[in-house]
Amino acid sequence: MKVSVIIPTYCTPEEKLRRCLESAVCQTLPELEIIVVDDNAERAPQKAVEKIIRSFKKESKAVHAGDIRCVCHGRNLGLAAARRTGVEEAAGVYVTMLDSDDEFRTPDACRTAYDASCGGMYDFVQFCAEPRREGAYILEKNKDAYRLIEHPFQGECRLSSSDAFAERFLTSGEFCLFLWGKLIKRETFTKALERIPVMDCFMAEDLLYSYFTARESFSYIGIPDILYSYNLGNGISTSSDMITTLDRWEKLCSPALVFTAVMYDLNERPSPAGAAIYKYMRKSMTHFVVHNCMLLNRVQPELRGKAHEILEEAWGPDIIHEAETNLREKK
């Protein structure tokens, strides 16, 4: 098996999931499997996913319609857990993440990317993506990250140590850190998973997995082909809706789990390359903390007291106090 396509899904509208699957089953790379990870908690959406997959297997004449299999969590564990499950189930030399509201842009996407790997020579094979905006907003501080969707680093990057590679990959600002839009060698990803605690995380999983996979990697190649269509829609963090439940608020605070894991790892095995990775992660953490503090204004007024307690419990009262003080001083 050359490539395992991993599709996590949670409450994905049927039309979008069908478009996503259609782009996967039509891939021309012969040795390919498609793993749908159903993260729905309720039986009704689980049945909907099962029905869609059955219809593809029964009705589609596409080359990989019979290569879809589904793994159901039985409850909503979050995107980080869904991606982990997909990698653990995968058999390919490479895994590639295809979010359930996104699509491969061409039927040759996986073939083109795998051919660029020269038979598995690289830990990462990065391709370009076409972002589509569907009523969501992009924070000013995130614009550089989204620029790199369309224009990631091109060419080869091969370094003598994983620490040197991780420093450049994570801190140079040249590489796209979204988990989709690339092939990642399954062996590399599996090594990373051994160091990542299991967590119910609903945001920042791209940074979590980019950090840990980069620290196990030595090589990368970026190609100019636009092979992925990314739909920037109304997700948990990009929607401008009022936050009306504490359950949703707790999910918005889950990046704290990511940075707990990352900072613990940096303390356990400091990077010989210096403090660049630590500084980058501290800066990233500050960004997420400030974003959480700003989102508090969108919590339903009668829930804000409890929401603030959850915020302090997630990040720590000192970190929240510092962020809130800085926000007040900027006004």
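Q: Which residues is W249 in contact with, leaving aside its neighbours within four places in sequence?
A: In this predicted model, W249 is in contact with I243, N292, L295, L296, V299, A307, I310 and L311, once neighbours within four places in sequence are set aside.

Q: How should I read a nonpolar core, and which residues of the largest one touch the most other members?
A: The general idea is that in soluble globular proteins, nonpolar side chains tend to be buried together. Here the largest nonpolar core has 107 residues, and W249 and M281 are the ones that touch the most other members. The element that gives the most to this core is helix α11, residues 276-295, with eight residues.

Q: Let's step back to the whole fold. How many helices and strands are there in the protein?
A: The protein has 13 helices and nine strands. Its radius of gyration is 20 Å, close to the 20 Å that the globule rule gives for 331 residues, so the protein is as compact as a globular protein of that length. Along the principal axes, the C-alpha atoms fill a box of roughly 60 × 50 × 30 Å.

Q: Why is helix α3 described as largely enclosed by the rest of the structure?
A: The way to read this is to count buried residues, meaning those under 20% relative accessible area. In helix α3, residues 79-89, eight of the 11 residues are buried, so the helix is largely enclosed by the rest of the structure. The buried ones are A80, A81, A82, R83, R84, T85, G86 and V87. Their cover includes the strands β1 (3-9), β2 (32-38), β3 (68-72) and β4 (94-97), along with helices α7 (186-193) and α8 (205-214).

Q: How many aromatic pairs does a search of the whole structure find, and how do I read one of them?
A: The search finds 18 aromatic pairs. To read a pair, look at the distance between ring centres and the angle between ring planes, where an angle over 60 degrees counts as edge-to-face. Take F175 and Y220: their ring centres are 4.8 Å apart and their planes are at 90°, so this pair is edge-to-face.

Q: Are F175 and Y220 buried or exposed, and which aromatic cluster do they belong to?
A: Both F175 and Y220 are buried. They form one aromatic cluster together with F124, F153, F165 and F169.

Q: What does R168 touch, not counting residues up to four places away in sequence?
A: R168, in helix α6, touches F153, C157, L159, E174 and F175 on that count. R168 and C157 are 11 residues apart in sequence, and their C-alpha atoms are 9.3 Å apart in space. At 29% relative accessibility, R168 counts as partly exposed.

Q: Where is S271 found, and is it buried or exposed?
A: S271 is in the loop between α10 (255-268) and α11. Its relative accessibility is 12%, so S271 counts as buried. Beyond neighbours within four places in sequence, S271 is in contact with D163, R215 and I277.

Q: How many disulfides does the structure hold?
A: A disulfide is a covalent bond between the sulfur atoms of two cysteines. The structure holds zero of them. The check is distance, with a cut-off of 2.5 Å between sulfur atoms. For C70, the closest cysteine sulfur is in C72, 6.1 Å away, too far for a bond. For C118, the closest is in C157, 15 Å away, again too far. As for accessibility, C70 is partly exposed at 35%, and C118 is partly exposed at 48%.

Q: What backbone feature does C118 have, and where is C118 placed?
A: C118 has a positive phi of about 55° although it is not a glycine. This cysteine lies in the loop between α4 (109-116) and β6 (124-133). C11 also has a positive phi of about 55° without being a glycine. C11 is in the loop between β1 and α1 (14-25) and is exposed, with a relative accessible area of 53%.

Key
Residues numbered from 1 in each chain as written. Predicted model: local features only at pLDDT ≥ 70, side-chain atom pairs only at ≥ 80, totals over all residues. Heavy atoms only, no water. Buried < 20%, exposed > 50% of the residue type's maximum accessible area, 1.4 Å probe, protein only. Core = buried A, V, L, I, M, F, W, Y, C linked by side-chain atoms within 4.5 Å. Helix = DSSP H or I, 4+ residues; strand = E, 2+ residues; numbered from the N terminus. Contact = heavy atoms within 4.5 Å. Rg over C-alpha atoms; globule rule 2.2 N^0.38 Å. Phe/Tyr/Trp six-rings, centres within 6.5 Å; stacked < 30°, edge-to-face > 60°.
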